[in-house]
Amino acid sequence: MSDQTVRISRKAQVKMILHAARNPTTQIHGILIGAFGEGPALDVHDALPVFHSPPTKPIIDASLQITEAYIKQNGSESNVELRVVGWYTANELLGDDERPGQAALRVMSGISSMLESPSSGAPIPAHSEPVLILISNSGLASMIGDEAIEKPDAINVFGRDSRKHWLRPIIVSTEGDGDFNSQQAKEVAYAACNLDESKLPIYDFEHHMDCGLRGLKETDWLSNRAVSDFIGKQA
């Protein structure tokens, strides 16, 4: 088991929480992009929404392939070596917050195998591991309904346990400034979730595939430009 430190950027937190808030009656899933470091350490830089329904293997495989290409194409925009570092999910039912669903656990097992494969390119640093993030529906509901400055946590992070399941809770580091300031991320997420969906939509890969040719640019699930711009303005 790893003792790596995990930090989650404001951008990743807001996109995951907003994806769950915009789909309150269904499970949601998405890809985590980040960078492993010495320590060991993991910084999650971005989250790419994929599903607002139960995941299927063909779409999982396609979304991961597109994500890998996206990272290669946009790698020059970052001074760190970004890669797929995990998966995020929210369960369908309010209160079902204790553990990720079976579908997410299966996807995580596949991502781990992919990252540990010799054909994956750069190996994961020693004692590092990908992570699975569960958005707490109860925490999300409290966050949206609470006007207090101190927002509750809606993000739970899991690493691999002794049975090789992603069910070992990990405490996320709250230290950091700028993009990795946890309290600022909560404030921006609160503001985003309380905007009308017509003013701040977020699109996943499913939306992108269902939109038809005319809507491909509008439903760009990789960049979600409107959400990224909103986050940038809150900095």
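**Close-up 1. Helix 3 on the sheet.** In this predicted model, helix 3 (residues 102–116) lies across strand 2, strand 4 and strand 5, and its direction runs at about 175° to that of strand 4. Contact here means heavy atoms within 4.5 Å, and helices (H or I, at least four residues) and strands (E, at least two) are DSSP runs numbered from the N terminus. Axes are lines fitted to C-alpha atoms, for helices over the stretch in contact, with angles running from 0 to 180 degrees between N-to-C directions.

Close-up 2. Seven strands, with mixed pairing, form an open sheet in the order 1-3-2-4-5-6-7, where two strands pair if DSSP finds at least two bridges between them. The edge strands are strand 1 (5–8) and strand 7 (168–170), each of which pairs on one side only.

**Close-up 3. Strand 2 and its two partners.** Nine of the 10 residues of strand 2 are buried, so this strand is largely enclosed by the rest of the structure; buried means under 20% relative accessible area, with a 1.4 Å probe and protein chains only. Strand 2 pairs with strand 4 in the antiparallel sense over seven bridges, and isoleucine 28 stands opposite alanine 90 in strand 4. Nine bridges join strand 2 to strand 3, again in an antiparallel arrangement, and here isoleucine 31 faces leucine 48 in strand 3. The hairpin of strand 2 and strand 3 has three residues between the strands, and in this hairpin glycine 39 takes a positive phi near 140°.

**Close-up 4. Helix 1 against helix 7.** The axes of helix 1 and helix 7 (residues 225–234) come within 10 Å and cross at roughly 130°. The two helices are therefore oblique to each other, a term for angles left over once those under 35 degrees (roughly parallel), over 145 (roughly antiparallel) and 65 to 115 (roughly perpendicular) are set aside. Arg10, Lys11, Val14, Lys15 and Leu18 in helix 1 meet Val227, Ser228 and Ile231 in helix 7.

**Notes to the views.** Residues are numbered from 1 along each chain as its sequence is written, and side-chain values use heavy atoms, leaving out hydrogens and water. Local features need pLDDT of at least 70 and side-chain atom pairs count only at pLDDT 80 or more, whereas totals for chains, interfaces and linings use all residues.

Note on methods:
Buried means under 20% relative accessible area, exposed over 50%, partly exposed in between (1.4 Å probe, protein chains only).
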